[in-house]
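Please keep the sequence and the 3D view at hand while reading.

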2 protein chains.
Amino acid sequence: MTIKVGILGYGNIGRGIESAIKQNADMELAAVFTRRDPASVVTKTDVPVVHVDDIADWKDKVDVMILCGGSATDLPVQTPEYVKMFNVIDSFDTHARIPEHFANVDKAAKESGKLGIISLGWDPGMFSLLRLYSDAILPNGKDYTFWGKGISQGHSDAIRRVKGVKDAKQYTIPIEAALDAVRSGSNPELSTREKHIRECFVVLEEGADAAAIENEIKTMPNYFADYDTIVNFIDEEEFKANHSAMPHGGFVLRSGKTGFDNEHDHIIEYSLKLDSNPEFTGSAMVAFARACYRMAAEGQTGCRTAFDVAPAYLSAKLPEELREHML
Amino acid sequence: MTIKVGILGYGNIGRGIESAIKQNADMELAAVFTRRDPASVVTKTDVPVVHVDDIADWKDKVDVMILCGGSATDLPVQTPEYVKMFNVIDSFDTHARIPEHFANVDKAAKESGKLGIISLGWDPGMFSLLRLYSDAILPNGKDYTFWGKGISQGHSDAIRRVKGVKDAKQYTIPIEAALDAVRSGSNPELSTREKHIRECFVVLEEGADAAAIENEIKTMPNYFADYDTIVNFIDEEEFKANHSAMPHGGFVLRSGKTGFDNEHDHIIEYSLKLDSNPEFTGSAMVAFARACYRMAAEGQTGCRTAFDVAPAYLSAKLPEELREHML
């Protein structure tokens with residue numbers, strides 16, 4: 001018997017989940033749910049595309065619903081709503097609002113008897129797990145998270161809102177000297193500017209003032225003013241050829257001391273180099289969908305995060321296989 | 001209320017655990033248990049040193065007993081034996097015998113109603129966790145584990161058994177070119193010789209034949225014959241000055257593909273650089289002792305591994321703190 005997964009929202013992450021399900025023989029895609037006209041959504045897998053208004057009809061035909069909405073406005077509504085009908089998974093990533101989101105999902109899930117696991121992917125997600133494990137093992141230490149090299153959707157959007165900009169992509173790039181300082185065990189205090197560079201590739205509208213736009217980007221508060229920002233103007237052809245991929249990644253490090261006199265240094269480093277951010281995120285969500293299915297089958301209800309999931313639940317392999325081959 | 005921890009076996013790992021407990025305010029060392037004459041054991045912390053024959057007297061005074069014996073002969077006997085009286089933690093690391101050890105501990109623990117978590121530390125332990133998480137997220141991929149640079153106790157012992165050798169340390173060194181090949185995403189097939197170098201520092205007995213000993217080391221089956229091995233002869237003074245520390249570390253990598261046509265590559269890399277192998281191992285065991293205490297308090301019994309422990313159990317922080325600050 002396979003685990004029947006639903007996807008709500010067929011964008012980049014939805015497609016990443018669809019392709020990840022293909023790699024997991026114990027799972028199958030049951031249906032894709034959309035707010036658009038279902039006839040307009042062409043999936044790669046031959047499954048029903050269902051309008052979200054009819055999602056309740058699938059209550060008994062989907063074991064885990066993976067929600068692929070955005071964190072700003074979709075998920076705060078969707079996750080508590082759909083956990084009334086389904087076990088759900090989301091990738092809610094507005095760090096500051098996680099406690100509130102958790103509470104809302106937990107309340108709805110306990111009422112419905114379903115299980116929701118939130119904030120999955122790689123950050124939050126795998127990076128969070130690495131921060132937790134490393135902090136628990138080396139309590140006398142310091143954490144560092146670096147992102148990139150990769151595209152920040154939020155920063156790219158901010159540039160596209162500048163008048164005269166036709167299209168733009170922004171790469172967040174960790175500064176190697178800062179990474180090396182952390183790896184040295186010196187526990188540096190690093191400013192925002194010392195950790196990351198922001199490099200922008202911008203296509204201008206006809207007749208736009210490049211110098212003025214460059215200045216507007218570089219001085220944009222919150223997004224760019226605190227960073228060393230590089231602005232490259234390129235034509236549309238080069239933009240499409242070289243900046244259409246969705247790579248990302250980053251580093252989580254912990255530098256900690258042990259010994260009666262804190263005389264020994266330890267460095268834990270975790271890094272991801274991802275060709276496709278949405279496909280990796282989708283792959284992580286699919287593994288947690290398996291965990292969600294199993295934990296719900298045990299009778300667990302309420303809200304969970306990656307912190308609450310015993311790792312063995314994520315794997316398609318049997319516990320005895322895991323002990324024999326992976327321990 | 002603090003978690004009362006016992007240490008059985010006061011060697012390098014035992015001392016590592018003792019110093020780790022000092023860094024965790026929710027834990028206290030209750031006593032050290034030894035097979036030696038307790039009067040001969042001088043601990044850093046002012047706690048009772050108790051002969052192992054009297055360990056049963058501590059049944060109600062120790063929440064978790066951390067077993068620091070060796071995997072060859074101590075733990076196969078000790079872990080099933082002491083889980084009859086205590087919740088226990090061990091660092092059993094004979095990979096091939098883990099299934100058998102698990103079964104023995106599980107049976108004894110279920111009979112006694114106690115909980116045992118086995119094979120903790122960094123490999124097995126954190127490296128195992130990283131292999132599991134990475135395999136679950138990227139099922140279409142390949143795992144690589146590299147060890148070092150660090151001292152292999154087993155290989156150092158093997159050299160010390162050679163006639164004419166007074167003392168020896170052996171460093172396992174990962175080969176950078178092999179690491180880089182894995183990082184490139186090319187999924188190389190790597191032979192034993194291509195992954196690690198073995199470098200030995202040897203102090204000779206008076207009048208020993210250096211050339212013969214070098215040859216005996218380099219051709220030793222299982223230990224050195226399959227590797228490029230470097231043998232350095234040094235005097236005792238240099239040996240003590242430069243080779244008394246216990247550094248170790250290593251790398252776990254997974255290279256995997258996603259996408260409908262497997263068109264995207266991903267690299268997950270986890271690495272440890274440890275000044276003190278026993279102190280890091282002890283620190284990891286202490287975090288799992290916290291988990292063991294909590295899981296036992298919930299009524300869990302039997303045997304577990306790191307794979308069965310939800311990460312939040314390891315942390316001294318409250319679940320809401322973890323969600324707010326680490327997710």
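## A pair of helices in chain B

The model discussed here is predicted. In chain B, the crossing of helices H2(B) and H3(B) is right-handed. By class, this contact between H2(B) and H3(B) comprises five nonpolar residues, three polar residues and no charged residues.

Two packed helices are described by the angle between their axes and the distance between the axes. Helix H2 of chain B covers residues 75–82 and helix H3 of chain B covers residues 98–112; their axes come within 8 Å and cross at roughly 20°. Angles under 35 degrees count as roughly parallel, and H2(B) and H3(B) are therefore roughly parallel to each other.

## Relation of the two chains

How is chain B related to chain A?

Helix H1 of chain B spans residues 12–22, and its buried residues are B:Gly14, B:Gly16, B:Ile17, B:Glu18, B:Ser19, B:Ala20 and B:Ile21. These buried residues of H1(B) pack against strands E1 (3–8), E2 (27–34) and E4 (64–67) and against helix H10 (277–297) of chain B.

In chain A, the axes of helix H1 (residues 12–22) and helix H10 (residues 277–297) come within 7 Å and cross at roughly 60°. H1(A) and H10(A) are therefore oblique to each other, and their crossing is right-handed. On the H1(A) side, the contact is made by A:Asn12, A:Ile13, A:Gly16, A:Ile17, A:Ser19, A:Ala20 and A:Ile21; on the H10(A) side, by A:Pro278, A:Glu279, A:Thr281, A:Gly282, A:Ser283, A:Met285 and A:Val286. By class, the residues of this contact of H1(A) with H10(A) are seven nonpolar, six polar and one charged.

## Cis peptide bonds in chain A

A cis peptide bond, with omega about 0°, joins A:Asp123 and A:Pro124. A:Pro124 is located in the loop between strand E6 (115–117) and helix H4 (126–137) of chain A.

Another cis peptide bond joins A:Gly148 and A:Lys149, again with omega about 0°. A:Lys149 belongs to the loop between strand E7 (141–147) and strand E8 (150–151) of chain A.

## Further loop residues

A:Asn187 has a phi near 50°, a positive value in a residue other than glycine. A:Asn187 is placed in the loop between helix H6 (176–183) and helix H7 (192–195) of chain A, and its relative accessibility of 25% makes A:Asn187 count as partly exposed. A:Asn262 is not a glycine, yet has a positive phi of about 50°. The loop that holds A:Asn262 runs between strand E12 (248–258) and strand E13 (264–274) of chain A; with a relative accessible area of 35%, A:Asn262 is partly exposed.

Is B:Gly207 buried or exposed? At 77% relative accessibility, B:Gly207 counts as exposed. The residue B:Gly207 sits in the loop between strand E10 (196–204) and helix H8 (210–218) of chain B. B:Gly207 and B:Thr45 are 162 residues apart along the chain, and 44 Å separates their C-alpha atoms.

Technical notes: Residues are numbered from 1 along each chain as its sequence is written. Chains are lettered from A and ligands numbered from 1 in the order in which they are written. This is a predicted model: local features need pLDDT of at least 70, side-chain atom pairs count only at pLDDT 80 or more; totals for chains, interfaces and linings use all residues. Side-chain values use heavy atoms; hydrogens and water are left out. Axes are lines fitted to C-alpha atoms, for helices over the stretch in contact, and angles run from 0 to 180 degrees between N-to-C directions. Helices (H or I, at least four residues) and strands (E, at least two) are DSSP runs, numbered from the N terminus. Angles under 35 degrees count as roughly parallel, over 145 as roughly antiparallel, 65 to 115 as roughly perpendicular and the rest as oblique. A crossing is left-handed if the near helix is turned anticlockwise from the far one by less than a right angle, and right-handed if clockwise. Ala, Val, Leu, Ile, Met, Phe, Trp, Tyr, Cys and Pro count as nonpolar, Asp, Glu, Lys and Arg as charged, and the others, Gly among them, as polar. Buried means under 20% relative accessible area, exposed over 50%, partly exposed in between (1.4 Å probe, protein chains only). Contact means heavy atoms within 4.5 Å.
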